[in-house]
Amino acid sequence: MKIILAGYMGSGKSVVGQELSGKMDLKFLDLDAEIRKQENLTIAEIFAEKGEIYFRRKEARVLEYLLEQEESFILALGGGTPCYGKNLQLIKNSAGATLIYLKTGLLQLKQRLLSEREHRPLIKDLGSPEVLEDFIRKHLFERTFYYNQSDLIISTDDKSVLEITSE
Ligand code: S3P
């Protein structure tokens with residue numbers, strides 16, 4: 001069994017994944033963490049030193065490698081993972097994989113991301129809260145097409161991690 005968590009930056013993929021991992025006694029993997037380990041660089045450093053295209057290619061390769069493994073796990077994707085190349089198709093065609101979209105509303109995302117911008121290269125230079133909100137609105141709109149192809153959609157607004165995990 002492979003449970004794969006998708007959702008925008010700040011939707012809680014890692015926190016929910018870790019909680020679910022304890023609850024289901026399944027190994028937890030974080031795609032960004034796997035990439036960081038292999039590159040020995042932070043995600044921000046990879047973007048700055050090697051560029052986003054390099055990051056996306058690496059992301060696709062690491063995802064493919066993980067999906068080929070026999071073992072069961074819970075995997076938190078990066079916010080952009082299902083929206084690039086063949087990643088979504090690869091996940092959908094992977095035997096035993098269930099893709100879950102953690103759907104978080106614009107205002108909640110904005111609140112969380114305002115204080116967590118530093119290590120996120122795509123938003124770290126967005127100045128005011130208004131500019132950030134505008135960016136998230138358009139970006140989320142573009143990405144929703146991909147997220148919505150998940151097997152299951154769970155709204156996270158006004159829910160605790162425990163409630164989301166149980167659902
Ligand atoms: C990205 C989200 C990040 C990370 C990278 C790109 C994106 O992961 O993969 O900065 O394109 O939305 P989180 O969703 O865990 O922040």
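Student: On what basis are residues numbered, and what pLDDT do local features need?
Tutor: Residues are counted from 1 along each chain as its sequence is written. As the model is predicted, side-chain atom pairs count only at pLDDT 80 or more, totals for chains, interfaces and linings use all residues, and local features need pLDDT of at least 70.

Student: In what order do the five strands stand in the open sheet?
Tutor: Strands here are DSSP runs of E with at least two residues, helices are runs of H or I with at least four residues, and both are numbered from the N terminus. Two strands pair if DSSP finds at least two bridges between them. The pairing in this open sheet is parallel, and the order is β2-β3-β1-β4-β5.

Student: Which strands stand at the edges of the sheet?
Tutor: An edge strand has a single partner strand, so one side of it is left without a neighbour in the sheet. The strands in this position are β2 (28-30) and β5 (152-155).

Student: By what angle are neighbouring strands of this sheet turned against each other on average?
Tutor: Axes are lines fitted to C-alpha atoms, for helices over the stretch in contact, and angles between N-to-C directions run from 0 to 180 degrees. For neighbouring strands the direction is ignored, and the average turn is 25°.

Student: How many bridges join β1 to β4?
Tutor: Strand β1 covers residues 2-6 and β4 covers residues 97-103, and the two run in the parallel sense. The pairing extends over five bridges.

Student: Which residue of β3 is the bridge partner of Leu-5?
Tutor: Strand β1 also runs parallel to β3, to which four bridges join it. For Leu-5, the partner in β3 is Ala-76.

Student: How many of the residues of β1 are buried?
Tutor: A residue is buried if 20 or more other C-beta atoms lie within 10 Å of its own, exposed if 12 or fewer, and partly exposed in between, with C-beta atoms placed from the backbone. Both faces of β1 are covered, with Lys-2, Ile-4 and Ala-6 on one side and Ile-3 and Leu-5 on the other. The number of buried residues in β1 is five of five.

Student: What angle does helix α1 make with β3?
Tutor: Helix α1 (residues 13-24) packs on the sheet and touches β1, β2, β3 (73-76) and β4. Contact means that the C-beta atoms of two residues, placed from the backbone, lie within 7 Å. The direction of α1 makes with that of β3 an angle of about 170°.

Student: Which residues does Ser-14 touch, not counting residues up to four places away in sequence?
Tutor: Ser-14 lies in helix α1, and UniProt places the feature "binding site" there in an unreviewed entry. Such annotations may be inferred rather than shown by experiment; their feature names are shortened and their positions follow the numbering used here. Because 15 other C-beta atoms lie within 10 Å, Ser-14 is partly exposed. The residues touched by Ser-14 are Asp-30 and Ala-76.

Student: Is Asp-32 buried or exposed?
Tutor: UniProt, in an unreviewed entry, lists Asp-32 for "binding site" together with Arg-56, Gly-79 and Arg-143. Asp-32 is found in helix α2, which spans residues 31-39 and lies across β2 and β3. Because Asp-32 has 21 C-beta neighbours inside 10 Å, it counts as buried.

Student: How many residues of the shell around the ligand are charged?
Tutor: A residue is near a molecule or strand if its C-beta atom, placed from the backbone, lies within 6 Å of it. The residues around the ligand are Met-9, Asp-32, Ile-43, Gly-78, Gly-79, Gly-80, Arg-120, Pro-121 and Leu-122. Ala, Val, Leu, Ile, Met, Phe, Trp, Tyr, Cys and Pro count as nonpolar, Asp, Glu, Lys and Arg as charged, and the others, Gly among them, as polar. The shell holds four nonpolar and three polar residues, and the number of charged residues is two.

Student: What is the phi of Asn-40?
Tutor: Most residues other than glycine have a negative phi. Asn-40 lies in the loop between α2 and α3 (43-50), and Asn-40 counts as exposed because it has 8 C-beta neighbours inside 10 Å. The phi of Asn-40 is positive, near 55°.
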